[in-house]
Amino acid sequence: MKYQPVIGLEVHVQLLTDTKIFCGCSTKFGSEPNSQTCPVCLGLPGALPVLNKKVVEFAIKAGLSTNCSITPRSIFARKNYFYPDLPKGYQISQFEDPICQRGWLDIKVDEQDMKRIGITRIHMEEDAGKLVHGESSGPGDGSGVDLNRACTPLLEVVSEPDLRSSDEAVVYLKQLHQIVTWLGICDGNMEEGSFRCDANISVMPVGSSMLGTRAEIKNVNSFKFVKQAIEYEIQRQIDLIEDGGTVVQETRLFDPNSGTTRSMRSKEEAHDYRYFPDPDLVPLVISDEWVERSRQELPELPEQRQHRFMVELGLPPYDAEVLTASRALADYFEAGVAAGGSAKLVSNWTMGEITRALNDSGTSIEASPVTPQQLADLLKLIDNGTISGKIAKTVFDEMWRSGKAPQAIVEEQGLVQVSDSGAIEGLIDEIMAANAGQVEEFRGGKEKVFGFFVGQVMKASKGKANPAVVNELLLSKLKG
Amino acid sequence: MNIIDMTIHELHTALQGKQLSSVEATKAMLARIEAVEPQVGSFITVTPEQALADAASADIRIAAGKMDVLTGIPVALKDIFLTEGIRTTCGSRILDNFIPPYSATSYEKLKERGAVLLGKLNQDEFAMGSSNESSAYGITRNPWDLTRIPGGSSGGSAAAVAAHEAIATLGTDTGGSIRQPASHCGCVGLKPTYGRVSRYGVIAYASSLDQVGPLTRDVTDCAIMLSAIAGYDPKDSTSVDTPVPDYTASLTQGVKGLKIGLPKEYFIAGLDPDVQRTMDAAIETYRRLGAEFVDISLPHTDYAVATYYLIATAEASSNLARYDGVRFGHRADADGLLGMYSKSRSEGFGAEVKRRIMLGTYALSSGYYDAYYVKAQKVRTLIMNDFTQAFADVDVMLTPVAPTPAFKIGEKVNDPLQMYLSDIFTIPVNLAGTCALSLPAGFSNSGLPIGLQLIGKPFGEETLLRAGYAFEQATEWHSRKATI
């Protein structure tokens, strides 16, 4: 039998606010354990949460960018369970009436087809702390609790079970990742857990409309692992059914070392979280004006920008997609165009030389030693015939190294292209005289020798001769 | 006049006139505490050093002419208020070793005005009780009759005022926990409107019902205390940002033309005859003062106690989850995490607290949530609507505070349901979120104080205090002293 996988993703997005969601403590990563805590995030008796407005603004932005409706009156709820990293014995989250509801993302499943993936909800919640085991946990042989991360703001983005393969899941996840980093609300760092994912997976016979029993896979923290985990889990479930077994509803943990999933807890062992509205927080009322203001403040999103790059700047779809991989890259490209570079040339160079140099040196685009203005200046030198494309690459390497302006490098190193026909004719004459045999061959019909002459002239000019002028003069002289 | 018998405004006048110093007043209070504590048991922790230090700085402030009405006044707080550096137990063994690193907003406000802290007062464990018998730190006895309970859960706060161990105190009221002990101990107690006073730094029992309020010798003191502690607090999202009037300013305006509602559901057959007689007399007094009476109805009153014990316990079950032995409080030695949790909590919590955690956990559990918690919230809305509708016709309501005077120690300990019913007239006010005042209104034949309850509109504390003041001026109940 053939099986159809059905996948839904729950993505936790850690927000880039300076302070925590319900208190004024810093959200900085990697500080001394428990140094960024206060009565509120320690869950001390009597402490009360106060909502960080920035978190709401970020949530609205995420919602608007994923076509959600913004709930006019949303509610915080307590999710009750005991764990040492959860100071209050409950997590403040949202349950009924989350801030964003009923959105979607259109993902590209292949060259031609788009597919709409529903987003059930986006809600705000606080993160838990961390358990520290072993030596760093302090005196004794017990475990320690570091509550620096407790109360850090998260968004949870829950998709509909609309994904049908591991590839679709990865495309969806990458697109969501692109949006939240593009909005500047998340740093997108998956290793540090700023963007993490749980996957709900089931399989059903192809053609069936009855969904199979699902398993929830936790702890999949890279695009590669998402693909691996989903594929493993699909196969595990198919094998189980084929062998006459049944899939049980459970939570499973992905092990990145083995690429497999293993059972964490069954449905029977699942927590009853006893959600109820948090009486310490009043309902969050978001006016239409607030939503509109946020909509005005939204940056142009990747999809819109791609479209504009194609329509206004005439870029091919491939270029538009590559250049909008991140907001910084797109900004770089546009700044180059604004500085006077021709769009296609800036695009080629941004995707080519710039990207290569960034990768080689491990530099981010924001820190590129060659500014968009400098790149545009370089490309203008090609455009106006001052240097050839080939020389430009040499100039670029020097710009990258020294940060100098391209004009200065060209002048210092005497790299100006020679277009003066007199000078080039002189070189051609010398070379023809020194290679009389090859001249005869050409004139005898062996036109391939032409390339040899071009090469010789360019070499004699140290690459500076204008290739177009060389071609033209050489042809007329050889034909004599 | 004896220092220990003074009200805030009397002592303030004496301090201002330099007839005595705050240190002298504080020493007198500490001596009184030492003398009567063995019999009464109002305090969990007495803080003489803190008190004398506070008093010394108050005297400096008084000498510098920067005096507030509360400067140098010895007060005490229910042990539910966090006090930085001073043990705060909430009446529970689980917090026996808890020294808070910060203070409640209401305590901060009293400190700013220069009040003197005498200590932390006994209470029912986590404010769960109506008799102070659920405290892990021993019972508190009613100063009017040491064989009886003082009421609860702010029993220590009421007993300390009645036994003249503190000039004024703060308590909290979740279902009557200020008003019922005030009534039983013959003092004035106010439960302000929900959101009027910050809950920050007050250990939570039921967050949507808890409210901080004063217990005092008279209405003027009550107005002084409320003026000090009321107001918006950016640290408490449920506190309300409305201006705080000077509650003492309008006290003398009288009750002529005031419309007082008598909800028929509160004057049930079988009401204790002493209570009934006291209410009748109070109505007569107000009538004489020019108030008008209107018969009204709060039709959902019968459901209030059941509603309260679902909502309050549900919230409590979650609020008390943080006492897990991990970061503070009692931690039992046990193998493994689960063992540590259950042993710490088993040892740390008393029977009534456990009972309410279990009730609340049950009410929130999957499969029961709609039938219990959600249903209770709907009934709560109906009860709120009852009050809104009734207040369209009246300015305040007059009712008994409790169905009986103070009962005997041990009388209801083994009958939780009977215990719960002692809050039948106070609970609806918390569910409605409005304010109410408990006022000395008479005595039973056996000499036990009986209070009357005035219920006000939301943020109608000024009207309540004005009506209370008029009654107090016309009667002498508040000036009687317990014989201890």
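**View 1. Pairing of strands β4 and β15 in chain A of a predicted model.** Strand β4 (residues 77-80) of chain A is joined to β15(A) by two bridges in the antiparallel sense, where strands are DSSP runs (E) of at least two residues, numbered from the N terminus, and two strands count as paired if DSSP finds at least two bridges between them. Within β15(A), Pro277(A) is the bridge partner of Ala77(A). These strands belong to an open sheet of three strands in chain A, ordered β5-β4-β15 with antiparallel pairing, whose edge strands, β5 (90-93) and β15 (276-277), each pair on one side only. Residues are numbered from 1 along each chain as its sequence is written, and chains are lettered from A, with ligands numbered from 1, in the order in which they are written. Because the model is predicted, local features need pLDDT of at least 70 and side-chain atom pairs count only at pLDDT 80 or more, while totals for chains, interfaces and linings use all residues.

**View 2. Strand β10 of chain A and its two antiparallel partners, β1 and β7.** Strand β1 (residues 3-14) of chain A is linked to β10(A) by five bridges, and Leu155(A) in β10(A) is the bridge partner of Val13(A). Seven bridges connect strand β7 (residues 114-126) of chain A to β10(A), where Ser159(A) is the bridge partner of Ile119(A).

**View 3. Domains of chain A.** Chain A is divided into domain 1 (3-290), domain 2 (300-412) and domain 3 (421-479), with bounds that come from an automatic or database domain assignment. The centres of domain 1 and domain 3 of chain A, taken over C-alpha atoms, are separated by 68 Å.

Definitions and conventions
Helices (H or I, at least four residues) and strands (E, at least two) are DSSP runs, numbered from the N terminus.
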